[in-house]
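Subject: Structure for your review

Dear colleague,

Please find below the structure I mentioned, together with its sequence. My notes on what was found in it follow.

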Amino acid sequence: MKPLRLLIALLVLGALAGAVWYSERHPPELKSETAAKTEKIISTTEDQVQKIELAHLAGGDTIDLGRGEDGKWRITAPKQYKADESAMSTMVTNLAALNADQLVNPKNTDWKPYGLDPGKLGVTLSLKNGKQIKLTLGDDVPAGSGVYARLDGDPRLFTIASYIKSGVDKSLLDLRDKRLLPFDSEKVSRVTVKTKDQTLEFDKAGSNWQIVKPHPIRADSFAVDDIVRSVQNANFDSILDESGKPTPKYSFSTPYAMFEAVDPSGVHTLTIGREGKDKDYTYYAKTSAEPGVFKIASTVAEGLNKKLDDLRNKKLFDFGWSDPQKLDVRDGGLHMVIERKGDKWQRTDAGNKQLASEKVQTLIDHLRNLSATSFPSDDAAAQAKYGLNKPLADLKVTSDTGKRMERVLLAAGPESKYYAARENEPATYQIDNSSYDDIHKAIEGLR
């Protein structure tokens, strides 16, 4: 029995030794009478915070950030960059009104067991009134979701939420504004997109885009806006070179794509290169916003590689969701002039005969949805080839309280296909055969 007793004693001793070791490595949280109530660590307002210093005390960069007169944040050291406004807003919001999760000890004297001597991360806030507030973050709380913290000159030992630490424990790259080409998409008046196959140029009049190169044609404004926004919102993934000097490794002599936007502040240019083969490509870019070469996502590059027809306006009528006031339609030998009178529709060419509103609406819907499936030609002289010199239907729509009048011709062309053209425009639009059939039936239904 003696060996058994000895074994039991050794096991108990080992367990006690393990408990002592664990308690030294993971100190218990000492609860106080004030643990249940909110303890304010920092109490100021966001607009008072003018500078922030992030010192990685266990090794790493010290990052200085400052708020400019325009209210924008910039990284001022170790290098100067624009800061990510979203990351800075979160950081300042969390720090300006910082509460403790728990007050561990109101009069702590030994900081080392909590990773606070010297600490893992030092955060210094400089306020408008010249006051500085120094916060130190230490170890994570054992088996918890917090981190130990202290204020300079304050004996209290706190824990704060882990997300607070995540919001301030940032690298230089984390805090940089990663937008490739900051510009105001709402104020852009001209856009140029170049690839190896084509050069496209767009001008904006009001809220609508027009293609001006390779030749003047109507643009799909939503598609062009998507390109502009995609470049404005594009971020770089990593920094490949910041020397500001040309390097053979990243050649832009024959770029994969180039984007240029003009707004009131000037010309903004993004140039994209590509290396690799067999669809295993790496895309990189340089920008007029700042020096360097940046790795970018393939979606940014490929988003500029659009075909001309993808960016054209495929709709034959532009009245959109506004309600027309007048329809003047000819289909074969049938001619109708249909006008809205109050909330009624009448055939004014037939003694103001009242028409069923739902039947007129069916015709309007078919005209509104009339779209091209392809663009066989942009040469006005070629329209006769597609039968448009002898149209089957002549459709006129007046909208925008009489300010807009649009005329579209429909014709049967080669291979029993149907084509359309807008008045005073050189383009020929191919349409689905069913589109003409629907319009024909809707007009016949109004006899």
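**The nine-stranded sheet**

An open sheet of 9 strands, paired antiparallel, runs in the order S24-S23-S22-S21-S26-S27-S28-S29-S25. Strand S24 (353-355) and S25 form the edges; each has a single partner strand, so one side of each is left without a neighbour in the sheet. From one strand to the next, the twist averages 25°. Please bear in mind that the model is predicted.

Within this sheet, strand S21 (residues 326-331) and strand S22 (residues 334-341) run antiparallel and are joined by 6 bridges.

Strand S29 (residues 428-431) contains Gln 430. Is Gln 430 buried or exposed? Its relative accessibility is 18%, and because the limit for a buried residue is under 20%, Gln 430 counts as buried. Apart from neighbours within four places in sequence, Gln 430 is in contact with Ser 371, Ala 372, Thr 373, Ser 374, Pro 376, Lys 417, Tyr 418 and Tyr 419.

**Salt bridges**

Side chains of opposite charge can pair when their charged atoms come close. The count of salt bridges comes to 24.

Asp 394 and Arg 407 meet through their side chains in a salt bridge, at 2.6 Å from N to O. This pair links distant parts of the chain, with Asp 394 in strand S26 (residues 393-399) and Arg 407 in strand S27 (residues 404-412), 13 residues apart. Asp 394 counts as buried, at 12% relative accessibility, whereas Arg 407 is partly exposed, with a relative accessible area of 26%.

Asp 139 forms a salt bridge with Lys 120, and their closest N and O atoms are 2.6 Å apart. Here too the pair links distant parts of the chain: Asp 139 belongs to strand S9 (residues 132-140), while Lys 120 lies in the loop between strand S7 (102-105) and strand S8 (121-127), 19 residues apart. Asp 139 is partly exposed, with a relative accessible area of 24%, and Lys 120 is partly exposed as well, with a value of 39%.

In the salt bridge between Asp 184 and Lys 187, the closest N and O atoms are 4.0 Å apart. Asp 184 counts as partly exposed at 30% relative accessibility. Lys 187, in contrast, has a relative accessible area of 53%; because exposed means over 50%, Lys 187 is classed as exposed.

Salt bridges also link Arg 218, Asp 318, Glu 406, Arg 422 and Glu 425 in a network.

**Aromatic pairs and charges over rings**

The aromatic pairs number 11. In one of them, the rings of Tyr 250 and Tyr 284 have their centres 5.2 Å apart and their planes at 65°. Because planes over 60 degrees apart count as edge-to-face, this pair is edge-to-face. Tyr 250 lies in the loop between strand S16 (238-241) and strand S17 (257-263), and Tyr 284 lies in strand S19 (residues 280-287), so the pair ties together parts that are 34 residues apart in sequence. Both Tyr 250 and Tyr 284 are buried.

Tyr 386 and Tyr 419 form a tilted aromatic pair, 4.8 Å centre to centre with 50° between the planes. This pair links distant parts of the chain: Tyr 386 is in the loop between strand S25 (374-377) and S26, and Tyr 419 is in strand S28 (residues 418-422), 33 residues apart. Both Tyr 386 and Tyr 419 are buried. Tyr 419 is also among the contacts of Gln 430.

Ring pairs join Tyr 250, Phe 252 and Tyr 284 into a cluster.

Two arginines are placed over aromatic rings. Arg 150 lies over the face of Trp 111, 4.0 Å from the ring centre. The charged end of Arg 176 sits over the ring of Tyr 81, at 3.7 Å from its centre.

With kind regards

Terms used
Residues are numbered from 1 along each chain as its sequence is written. This is a predicted model: local features need pLDDT of at least 70, side-chain atom pairs count only at pLDDT 80 or more; totals for chains, interfaces and linings use all residues. Side-chain values use heavy atoms; hydrogens and water are left out. Helices (H or I, at least four residues) and strands (E, at least two) are DSSP runs, numbered from the N terminus. Buried means under 20% relative accessible area, exposed over 50%, partly exposed in between (1.4 Å probe, protein chains only). Contact means heavy atoms within 4.5 Å. Rings of Phe, Tyr and Trp (its six-membered ring) pair if their centres lie within 6.5 Å; planes under 30 degrees apart count as stacked, over 60 as edge-to-face and the rest as tilted. A charge sits over a ring if NZ of Lys or CZ of Arg is within 6 Å of the ring centre and within 35 degrees of the ring normal. Two strands pair if DSSP finds at least two bridges between them. Axes are lines fitted to C-alpha atoms, for helices over the stretch in contact, and angles run from 0 to 180 degrees between N-to-C directions.
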